[in-house]
Amino acid sequence: MSLIRRTFSMQLLQCPHRQVCASFLARPPLQRSPAYIGHNYSDLPARRSFLRSGLHQAPSGKFLVQSHVLHNVCCRAQAASPEPVSTTAAAAPVPNIAVLDKLIAVFSAKTPTEWRKLIAHSKQWPQLAGGVLSRLQDKSDSEHDLEKRAQLRKLQRRLQSVHEELQAHNKTLSLFQNTQDVEWEGVVARHRLQLTSEFFDHVENLIHASHQDKQQREDLINLATCLIALVQAYDAVTADQEALNMAADKFQDLLKVGSLQEMDAKLDSMAQSGALDPALLLTIAKAHSSVKDTDYTREEVKDVMAHLYFKAKETLAQQQPPEVRILKHLLRIQSPQERQTALQDAFAPGPDLQTGEQDLLSTTPEVLMQTIEAVLRAYEAQAGSRGMVTDAASLMNPEVIQTMRELQKHIRKGFM
């Protein structure tokens with residue numbers, strides 16, 4: 001198994017959006033048999049941490065002191081200054097000159113990389129930004145020393161650039177936060193250019209900043225993990241232009257059917273023949289995302305595209321190998337006794353069965369062990385590699401890794 005495929009497998013087991021991510025992977029046809037497994041895996045706990053950057057731990061005391069510098073400067077300056085902070089009914093509070101000058105001094109003493117961290121930690125910055133930039137303009141205009149004036153203007157330009165960059169990152173982040181996670185792959189396809197390593201660096205800073213808000217921290221980590229897996233999958237699919245061209249042709253064939261029933265039947269036929277592949281799902285996802293957010297498309301078209309998209313996702317989800325789906329199920333189980341029972345069921349051979357919302361799956365200890373070992377190898381390999389995915393998003397929950405290692409020992413001892 002290649003490193004890329006192992007890396008995908010590792011992230012898919014963790015991502016709460018993993019059915020979507022998995023749809024981009026070429027999988028062998030599903031062979032279902034006993035061991036009860038449900039279709040819905042969206043409730044699998046997926047807490048993660050940036051392993052190498054230490055985001056699974058609270059930031060150090062030194063980092064905490066630095067990260068709150070904007071807030072502390074504002075509070076001290078306002079307390080010491082006799083000038084009141086002016087407000088209007090239609091605008092945010094305007095900070096006094098002392099506050100702005102102290103903030104300018106803070107930025108002057110730090111690098112743009114440090115600015116990004118400070119801004120991510122400051123709840124006041126959105127209200128302060130305009131005043132700081134205007135004050136820098138005023139100071140440079142009134143400065144007679146040419147060298148100091150040039151320094152102030154350079155500081156203003158660089159700070160303005162960083163401010164606009166982080167605003168753009170926050171806008172992209174809000175787009176995903178305000179979209180149902182089952183539709184994220186279409187949004188990734190439309191906004192791939194915004195999902196840069198700098199964007200994930202910003203999300204990392206926000207995770208650091210939310211160390212006191214556990215729920216917000218969990219949500220950001222989960223969102224980042226899913227986006228990374230989707231970006232990886234999108235890049236892998238779009239690298240094959242021939243596959244995309246074929247997907248476009250298959251997509252047009254799907255739109256020529258006369259009814260939704262015919263569309264479902266055609267999708268099932270494509271799945272059986274292997275024609276329902278990651279490139280086709282990407283094409284469908286992008287089309288669905290495009291028509292969903294426009295006012296110029298009839299509601300009937302939106303409904304058809306939504307039906308096609310969710311049906312294709314559901315069909316592709318059934319193509320995951322049984323050992324992968326069984327492992328996901330096992331990782332959801334908290335009780336060691338229930339996990340033992342589930343393992344016994346999974347290893348009991350039987351007929352291939354599928355009911356309305358449930359599949360009965362089985363595998364062998366050897367195959368399940370190979371799947372676990374592939375995930376663990378990917379986890380260990382990723383810890384030593386570099387790149388956008390590893391530097392900005394080495395995301396994996398150590399608790400889940402530990403659970404898989406315990407499963408590995410248990411299977412080796414009790415079933416092999």
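## Aromatic pairs

Rings of Phe, Tyr and Trp (for Trp, its six-membered ring) form a pair if their centres lie within 6.5 Å; planes under 30 degrees apart count as stacked, over 60 as edge-to-face and the rest as tilted. In this predicted model, local features need pLDDT of at least 70 and side-chain atom pairs count only at pLDDT 80 or more, while totals for chains, interfaces and linings use all residues. Residues are numbered from 1 along each chain as its sequence is written, and side-chain values use heavy atoms, with hydrogens and water left out.

The whole structure holds 6 aromatic pairs. One of them joins Phe 199 and Phe 200 edge-to-face, at 5.3 Å centre to centre and 75° between the planes. Phe 199 is buried (under 20% relative accessible area; exposed is over 50%, partly exposed in between; 1.4 Å probe, protein chains only), because its relative accessibility is 0%. Phe 200, at 2%, is also buried. Ring pairs also link Phe 107, Trp 115 and Trp 125 into a cluster.

## Packing of H8 and H11

Helices are DSSP runs of H or I with at least four residues, numbered from the N terminus. Helix H8 spans residues 146–177 and helix H11 residues 214–238; their axes are 11 Å apart, at an angle of about 95°. Axes are lines fitted to C-alpha atoms over the stretch in contact, and angles run from 0 to 180 degrees between N-to-C directions. H8 and H11 are therefore roughly perpendicular, a term for angles of 65 to 115 degrees.

Leu 173, Phe 176 and Gln 177 of H8 meet Leu 220, Leu 223 and Leu 227 of H11 in this contact (heavy atoms within 4.5 Å).

Key. Helix = DSSP H or I, 4+ residues; strand = E, 2+ residues; numbered from the N terminus. Parallel < 35°, antiparallel > 145°, perpendicular 65-115°, else oblique.
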